[in-house]
Amino acid sequence: MADLEIRGLHVRTEEREILRGVDLKINRGEIHALMGPNGSGKSTLANTLLGHPAYEVTEGTITFKGEDITEAEPHERAKAGLFLAFQYPVAIPGVSVANFLRMAINAKREGGPRDGAHPEGRTLKGTGRQAGGEPIQLKEFRSRLEHAVELLDVDRAFTSRHLNDGFSGGEKKRAEILQMAMLAPDVAILDETDSGLDIDALRTVAEGVQKLHDEQGLGALIITHYQRILHYVKPQFVHILMDGRIVLEGGVELVERLEREGYDQIRQEYGDEVAA
Amino acid sequence: MSGVGGTLSAAAPIEVKPGRHREAALYHALHGAGAADGRSLAELREAALDAYEHLELPVWRRSGFWTTSLASLDLDALRTTIDERSVPDVATRTLPDRPRAGRIVQSAGAVVHVELDEALAEQGVLLCSLERAFAEHGELASAWYSKRLPLDRHKLEAANAAFWTGGAFLYVPPGVVVEDPFEIVYAIERRGIAQYGRTLVLGDRSSEFRVHEYDVAENFDGPALHAGAFEMYLQDGARCRLAQYQDWGSGEVFDVSTRFVGVGRDAYCHWLPALLGGHLVRHHDELAVMEKGGDMAFRGVFCTEEDEHLDVFAVDLHETGPSGGDVHWRGTATGESRASFEGLIQIDPGSQRTHTYLQIHTMMLSPKARIDAIPSVLVSADDVSASHGGTVGELDETAIFYMQSRGLDRAAAVRVIVEGFFEPLITQLEDEPLEQLVRARIEQKLAAAHEDIEAYATSR
């Protein structure tokens, strides 16, 4: 069984069915690209994987490390080792990047659910991340932060600014990858992390992802509309999403084909299938 | 400041007042309405007693917004006691253990503890009960006592002026600079007490100091009253950072207080009340630039819960120019609590080159809580800038999901948002022990309201 396994996923939001039967398997150490035109359901999939309350799974399952997480709370999924880099990161005024990271690391380290918070006592087994429970030592935190800051090519002062508050588009995306580096997830979903980035920021972000893959065995699902980020991170698997279904799967050659032909050509080819 | 009468000028009366109709009549700046007028303390007490006997318990009302009524306060059931001898446990428990310049503690009607750094005493700093100040430094105390505080706007104000005992008096001589805070503590130990707190703080020329006031009560069942009157006058070039930590506990404590801070020539005051608990709290807090070049920052935080009722009238008064002002308050409400805030910028005629700004940000955290915030601006000079802004917020679900996706559970995410909301003001205390205390109390209140906050989120 793959680490992250999505089976027959149907999702609706605001009375509309957006995903109409998605199947996808992602393992640690694999880089997947999910491509598709606007409105195909890419962000819906990203948000659903982390349990956004506005998206309702009507059919199908999501399992992570053998555990069914279809109904799990977002923080339980995060603690199990999933991560979402947001397309539009949210400003958290009054909380510095460094403090937030410490909180998040400690939350992840915390043992099972809080007393009384989840009376049904739901836990995610086999993650190996809930044990320990000790808050991170300041020294260890600092050295990890320093490493991550170098990786992402950001100023050290960056980490004392309030998270995403007044950040430029590029800074927000760097902050996402910085968080990813610090939280060391098993599988990360990057939702259009490349949108709105200039080429330097794009390269930094992409190289960061690649390095985390190479060094830590990160598994990644890179969701993108365009091809350009894939010049810097090499996906082993490429999936094309259209109208709520994956219509085409393959290797990196699919990216090249998309570049040549565009989505319209593929839509014509697979349109019938999608409409069916 | 040793001269009788002082040098701070009284302001000309303004010609236009806001909302002259009956219901708004109580929301006016004090504006030079001090009762002293050359009268002795005994004469003032007598006048106050007379007013007390004639006045009814007050009602404050902002038509269509809120009503603050003391109808449920049974004055006859309360007693002012002066036989306390020891520092109440709640004060010992609450106050941070940290370096301080001095400390004065009043329990119920009696001052039970006074300490002052010896070196500061040698430099002429005075810290004692106000009663003792009248006995030993009569000229100084009389010159400033009630200079700007009236005594007959309502029954509890009159009661304070007539009945106060103990009291706190602080005098910082010219040029004396003190890093650690002077702590002034008003504590209520048990039910049934009426505490009439009276504070007078004088910062002489070019002095620099901090004052931390603590208003605390034990968690008892039943009613108590704190009717406070606070005045501070800062002479030429003096600088003060003033903060209040108010937490009257879970008892039925009524707090009806008036505070006035007068900023003299080129003087500066940074004032931050942290209003963190009380059954019914009604404050009139007025920060006035009384002479040219005066500047001030007026900050405030409040965090109401359960059935608490808070009514704050904060005034940023400019009696002359050039002067500067900057008012910034933040508050939240949980449970069925009610928080009402009115901020007034008032710029008198002739206060040219005054620049001031008022902002109030609030966050509603439960379906039955309510916060109202009214900013008003009264300008009677033309070469000025005065503006106001504010936000009324609710919990941002997107931000909560964002943090959850990083591993924080919902309650923790909510805490981060609300603490982050207050943080820009809390850090302005510029005093780590006090900051920690305020943060901890807010965290405690949020944790207690957790279920309530959840209910609100799911109801929307």
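## Contacts of Val263(B)

In this predicted model, Val263(B) is in contact with Leu234(B), Tyr268(B), Cys269(B), Ala288(B), Val289(B), Met290(B), Gly294(B) and Met296(B), leaving aside residues up to four places away in sequence.

## The largest nonpolar core

Val263(B) also belongs to the largest nonpolar core, which has 222 residues. Together with Phe169(B), Leu170(B) and Cys269(B), Val263(B) touches the most other members of this core. Helix α8 of chain B, residues 410-426, provides the largest share of the core, with nine residues.

## The interface between chains A and B

Contacts between the two chains involve 22 residues of chain A and 17 residues of chain B. On the chain A side, α2 (74-80), α3 (97-109) and α5 (169-183) each contribute at least two residues. By residue class, the side of chain A that touches chain B consists of 14 nonpolar, four polar and four charged residues.

## The surroundings of Ala162(B)

Ala162(B) lies in helix α6 of chain B, which spans residues 155-163. Is this residue buried or partly exposed? Ala162(B) counts as partly exposed because it has 19 C-beta neighbours inside 10 Å, whereas a buried residue requires 20 or more.

When residues up to four places away in sequence are not counted, Ala162(B) touches Arg45(B), Ala48(B), Leu49(B) and Tyr52(B).

Technical notes
Residues are numbered from 1 along each chain as its sequence is written. Chains are lettered from A and ligands numbered from 1 in the order in which they are written. This is a predicted model: local features need pLDDT of at least 70, side-chain atom pairs count only at pLDDT 80 or more; totals for chains, interfaces and linings use all residues. A nonpolar core is a set of buried Ala, Val, Leu, Ile, Met, Phe, Trp, Tyr and Cys residues joined through C-beta atoms within 7 Å. A residue is buried if 20 or more other C-beta atoms lie within 10 Å of its own, exposed if 12 or fewer, and partly exposed in between; C-beta atoms are placed from the backbone. Helices (H or I, at least four residues) and strands (E, at least two) are DSSP runs, numbered from the N terminus. Two residues are in contact if their C-beta atoms, placed from the backbone, lie within 7 Å. Ala, Val, Leu, Ile, Met, Phe, Trp, Tyr, Cys and Pro count as nonpolar, Asp, Glu, Lys and Arg as charged, and the others, Gly among them, as polar.
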